[in-house]
Amino acid sequence: MSPADRHSGFPRLLGDVGGTNARWAWQHAPGDALSNVRTLAGSDYATIADCVAAYLKAEGLPAPRDVGFGIATAVTGDRVQMTNHPWSFSISALRTALGAARLRVLNDFEALAHAVPALDADQLSPVGAGAAVRDAAVAVIGPGTGLGVSGLVSDGHAGWRVIVGEGGHVTLPAATTREASMLAVMRERFSHVSAERALSGPGLVNLYEAACALDGETAASLEPADVMARAFASGAAHDAQCEEAVTTFASLLGNVAGNLALTLGARGGVYIGGGIVPRLGARFAQLPFRKRFVDKGRFRAYLETIPTWVITAESPALLGAARALDATA
Amino acid sequence: MNPSAFDSPRLLADIGGTYARFTIETAPGELERAATLRCADHADFHAAVSSYLATLPPGRVAHAAVAIANPVEGDEVRMTNYHWQFSIEAMRERLGFDTLVVVNDFTALAMALPHLASSDKRQVGGGQPRERSVIGILGSGSGLGVSGLIPADGGWIALGTEGGHTSFSPRDERELAILHHAWRTLPPRDGPGANKHVSFERLLSGPGLELIYQALAERAGARAAEGLSAPEIARRALGGNDAVCVDTLDAFCAILGTAAANLAVTLGALGGIYIGGGIVPRLGKHFDRSCFRSRFEDKGRFSAYLAQIPTWVITAENATFHGVAAILAAQLRNLSGAAASAILGQIHRARANLSPAERRVADHVLAHPRSVLNDPVAEIARVAQVSQPTVIRFCRSLGCEGLSDFKLRLASGLTGTVPVTHTQVTRDDSVLELGTKVLGNTASSILQVRDHLNRDSIDRAIALLAQAGRVDCFAVGYYSAVAQDAQYKFLRLGLPSAVYTDPRAQAMAARVLGANDIAFVISPSGRKEELLAVADAAHERGARVVAVTASQSPLARKADVTLIIDHAEDVDLHLPMVSRILHLLMIDIVSVGIAMQRQESLAPPPPSAMDELSAAPRARTVAPGVSAAAPLAKITSHSH
């Protein structure tokens, strides 16, 4: 490979396309920090190509050579359709439209998994104890608009393979009679109560409504942010069902993250991303996440050795998209 | 005799909670002398293995692999459902094996999956496997085993998982009733206040079948459910007369559908899900008609995702043995694999502590390790966008003297090749690491050659050489030294011999060979034009050609006898060292053989052979490489 070839993948456009916002960044050359980070509202643009064009224009940037972005939907072929979002595109057609030499479209949690090995200590906040086993599998989970799940497995040669499926759609477990009752309430609404039905923004609202139903309270029409605000509020603004929703959310997340750790043998640690948990900040450590994570009978000791971290990095998926491009360069 | 037969049979074992099954593998995939022992009849693992080994014909077992029904981590094995425990390394020594690999039995079964024939499995429901996609496996028996296979570089990575211990998630009223029953009846494990953990294994196992039966009998209003055993429940359910047993088996299949679907979505197992273990394969077609598959696909909005994923029941008897054999073979082949990542792994670990500029170098090395090997410092600095002293500082941060020292360590890690100079490492730990790596690479390559020795071609080479009038050795480049060594050996054996390493001299020498002479050609690639020309010229003169070269090479096809050494080394980067050692050893094998044959057949010795005879015993003693009793490799643990 000649030096010229090695530069051929640059400049790069990197992206993190969520249900609401699309975040874009620029990388001039290998090893450069990401620059020109800008977030655009998806609803302002008819197509993803329009959104990219608007970004490039606003930042005064030329057409990128390579493009990589994570997107909050399954990527299984050339056709990408966002869930709950009008954007739909063909990867090959989008590459042509952007005039890029290469376009890599990843599931957003696939991108996040690519970022994990490159995260620094100051981009992570530990929850509980445990120590990562080097080269062991790593799990990534993150409640946001939905529940994203992915994993990393060492290929034995200092590289990683990303495991990505639809792990948010495992059937939701229950560890207490109260949870089993909430589950029963939710099952009246949903044919399949997946983990995502509880572990996501809408899931917080579902949990709140289930708690209200069990307590005989009339549920208010709340947004996920309202549930969180009322759970942590004091005085009259405080709401017992909101608090239960948030506590149960953390318990169930611990349970599901523990299941994920067992399923992947993730002795390299569990990383929590997504839009909800990092925003809870220090309050998350007060919730029963870790307690429930390790609460698996005789596998408690196994799980106690596994560290759990909240990803606090600003835009880890952008970094992940860059590393995914590196990995396939 | 099978030409691919192993030098010594390999011992394979599959240790469950109740039975220990043993077999020997005599050639790849050839299993013989299978035997099943009751664990309870033997005091410990050593006793069980010894008792099986005693039934074998005399001969040494060098390599063994054991699949065991519990997590394998580190050196200490402690069985979850049985009292046997041992240190793998101590056990290897006690049993006198060169290699003892211990793996989780589900990891072993998983490794067998890509090789299952269509007659080894039965599909349940629809779906098509996607090529080279993740595969999941669940096996219900005395426990619930779970694993997955991730495709990587033409092979597979097996997940070492404890997925059977995930929390049970009920889907309907019947399953909620089962969960409540389990909460009520299971003893608290973690003291008062802790939640009782009801895992999928609690229900999807032999004891689980009994627990489900108790719960559903209670739910059906039976006063005190009789304590039926799992086999009895299955028998009655298959008979169809006992409603609670039918209900129990139905719930079991449904819950297995949930667990299988959870695994499928978590791993993105588009390659399919396999069901093994002791229970399901015995249910026969009943399982195919059960609600397993409909539950598997019943994931609300994601039903279409699951409907495309095929599910199979494993019907093969020996799948675990084949898997454990594949892992053993891969370990013997890639003994150097773990060492290969040492330097890159070190960079990964050190990365967080590097300065931002050094980190740019680290990222560049990790992204393009092979180009870094070739690039001068200025180029590395330019591409990483740092100054040249930063590149040197990066090398020193990793404990290297400088860039060339770093490149040596990187090269030996990347290629499994031994660099020719490795004296610049000064820190003790680095020396140790490097020494271990170099010797490990070499030893594993030697073992590989030993496993693939072709006795027939060695016998024929010995017969030809022993009768030859003269043996001229031909090689070029780095292999000149090997040819020189061959010449010394032949001379020592009393065989007139010359060595030619210059192409023009080679051409001339080949053209004066006689009908009773041999051209002994050494070429790792077997593609050098000048050496192919030597073989042709030798044949024109009526001479025979014995080649030490790669299988399937042009030279191998031309030679009368080929001594095969297949060892790929990246000769662009540095001198091929391991390969030369292997060639030297192959020549040594042949010369020892000639010496032994002469000792047997020549009596009394002709005066000219006196030297050779007195040399023969020494030659044997200096050639322990292939018959050494000393262990050349030890693998003490393997859990993935």
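Partly exposed residues lie between the buried class, under 20% relative accessible area, and the exposed class, over 50%. In this predicted model, B:Asp288 has a relative accessibility of 24%, so B:Asp288 counts as partly exposed. Its salt-bridge partner is B:Arg122, with an N to O distance of 2.8 Å. B:Arg122 lies in strand β8 (residues 121-124) of chain B, and B:Asp288 in helix α10 (residues 285-289) of chain B. The pair therefore ties together parts that are 166 residues apart in sequence. B:Arg122 has a relative accessible area of 18%. That value is under 20%, so B:Arg122 is buried.

A salt bridge also joins the side chains of B:Glu175 and B:Arg295, at 2.9 Å from N to O. Distant parts of the chain are linked here too. B:Glu175 belongs to helix α4 (residues 173-185) of chain B, and B:Arg295 to helix α11 (residues 292-297) of chain B. The two residues are 120 apart. Both B:Glu175 and B:Arg295 are buried.

B:Arg236 and B:Asp242 form a further salt bridge, with 3.2 Å between N and O. B:Arg236 has a relative accessible area of 24% and is partly exposed. B:Asp242, at 19%, is buried, because the value is under the 20% limit. This pair is part of a network. Salt bridges with shared partners connect B:Glu232, B:Arg235, B:Arg236 and B:Asp242.

Over all chains, the count comes to 35 salt bridges. Among them are the pairs B:Arg122 with B:Asp288, B:Glu175 with B:Arg295, and B:Arg236 with B:Asp242.

Terms used:
Residues are numbered from 1 along each chain as its sequence is written. Chains are lettered from A and ligands numbered from 1 in the order in which they are written. This is a predicted model: local features need pLDDT of at least 70, side-chain atom pairs count only at pLDDT 80 or more; totals for chains, interfaces and linings use all residues. Side-chain values use heavy atoms; hydrogens and water are left out. A salt bridge is a side-chain nitrogen of Lys or Arg within 4 Å of a carboxyl oxygen of Asp or Glu. Helices (H or I, at least four residues) and strands (E, at least two) are DSSP runs, numbered from the N terminus. Buried means under 20% relative accessible area, exposed over 50%, partly exposed in between (1.4 Å probe, protein chains only).
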